[in-house]
Amino acid sequence: MFFASDNTSGVHPKIMEALVKANDGYAAPYANDRWTAELTERLRDLFQAPDALVYPMVSGTGTNAALLAAMTPPWGIVYCHKTAHIEVDERNSVPFYSGGAKLKLMAGEGSRMTPNELRTAVTGDSARDDVHASPPAAVSLTNLTEFGELYRPADIAALAEASRLPLHFDGARFANAMAASGATPWQMTRELATLSLGATKTGAMGAEAAVLFDPSYKEAFESQRMRGGHNLSKARYISAQILAWLEGDLWLELATQANAIGARLARGIAEIGGELAYRVEGNLVFARLPRRMHVQAKAKGAVYNMWGPGTALTGDPDEPLLARFVASWSTTEANVDALLAALSD
């Protein structure tokens, strides 16, 4: 009953096998190996972006920070949702990497930004054309969002039109978003300047890729990557993982499985009287359940995270408390059924 995070699952056997094969022999360092060259061509083909640049990375936080620091000057503004990972979970990494860029937070609807709110914010900041004000520089989106909601290609296009700024994508759960949307990779990314492509949460040991659809950011990104300690000497092990992840659409298979488990869990929680706090469009489920249910589930070994203030397990047994449940690629239907039984027995 491990639903704390999709980071808690193991490595898919095909990816582990690819790592073992990549370990045979010698290879040039610093992404000058054949695996990284193949990955670059594979992602260019996948996204229909022949000029895209690809950099193996190991940290989603480092990838986000280095990309956004390349996209904005120290005095610029990056617009993001108030619940964005770069705002609430990455310890001011974007201002740190960029030398001072400002994150401006959008309230949005649910966990997604809205075009009207973004347009108003960017227009207002653009109107302040003087040295005292910070200018708009970039927009950062997360898909799936931190609360499991989905931006479809039309949503992304509307935000691009509203802001007229380069877009960055935090794609820690990009595979889940793709599986939920039914869109093609090109449709999902055609408006983007950069993408932080995450495989770690969907079956990899630890593999991310920075994708620069706009190659004009090359020098700035490579400088930020180097200064931040993310220029990997043995990049072949990251590239080999992502190549195996992409092979035969394994990434979509694993994400589809995790999303289906999320949907099964959401239905089950609703059936036992829980209240879903956000739309369940992927593998994340946020739900309110009576405190007594949480107490008994935790006592039976269920692992998941209570979410937000006021969620201590002592107090009124009938008070509804918010919790986050995350399905991984390896979570089974039996795991879901065991969790629901632990909550409701």
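**Figure 1. Buried residues of helix α13.** In helix α13 (residues 291-299), Arg 291, Met 293, His 294 and Ala 297 are the buried residues. Buried denotes under 20% relative accessible area, exposed over 50%, and partly exposed the range in between, for a 1.4 Å probe and protein chains only. Viewed down the axis of α13, these buried residues fall within an arc of 160°, so they line one face of the helix; the arc is that of the directions from the helix axis to the C-beta atoms. Helices (H or I, at least four residues) and strands (E, at least two) are DSSP runs, numbered from the N terminus. The model is predicted: local features require pLDDT of at least 70 and side-chain atom pairs count only at pLDDT 80 or more, whereas totals for chains, interfaces and linings use all residues. Residues are numbered from 1 along each chain as its sequence is written, and side-chain values use heavy atoms, with hydrogens and water left out.

**Figure 2. Surroundings of helix α13.** The buried residues of α13 pack against β9 (284-290), β10 (305-306), β11 (320-326) and α14 (333-344), contact being defined as heavy atoms within 4.5 Å. Gly 301, which follows α13, has a positive phi, near 100°.

**Figure 3. Salt bridge between Arg 279 and Glu 149.** The closest N and O atoms of this salt bridge are 3.1 Å apart. Arg 279 lies in the loop between β8 (275-276) and β9, and Glu 149 in the loop between β4 (136-142) and α7 (153-163), so the pair ties together parts that are 130 residues apart in sequence. Arg 279 is partly exposed, at 42% relative accessibility, whereas Glu 149 is buried, at 4% relative accessible area. A salt bridge is a side-chain nitrogen of Lys or Arg within 4 Å of a carboxyl oxygen of Asp or Glu; a search of the whole structure finds 14 of them.

**Figure 4. Salt bridge between Glu 333 and Arg 264.** The two side chains meet at 3.5 Å, N to O. Glu 333 belongs to helix α14 and Arg 264 to helix α12 (residues 250-271), and the pair links parts of the chain 69 residues apart. Glu 333 is partly exposed, with a relative accessible area of 47%, and Arg 264 is partly exposed at 25%.

**Figure 5. Salt bridge between Asp 345 and Lys 300.** The N to O distance in this pair is 4.0 Å. Asp 345 lies in the segment after α14 and Lys 300 in the loop between α13 and β10, 45 residues apart. Asp 345 is exposed, with a relative accessible area of 60%, while Lys 300 is partly exposed at 43%.
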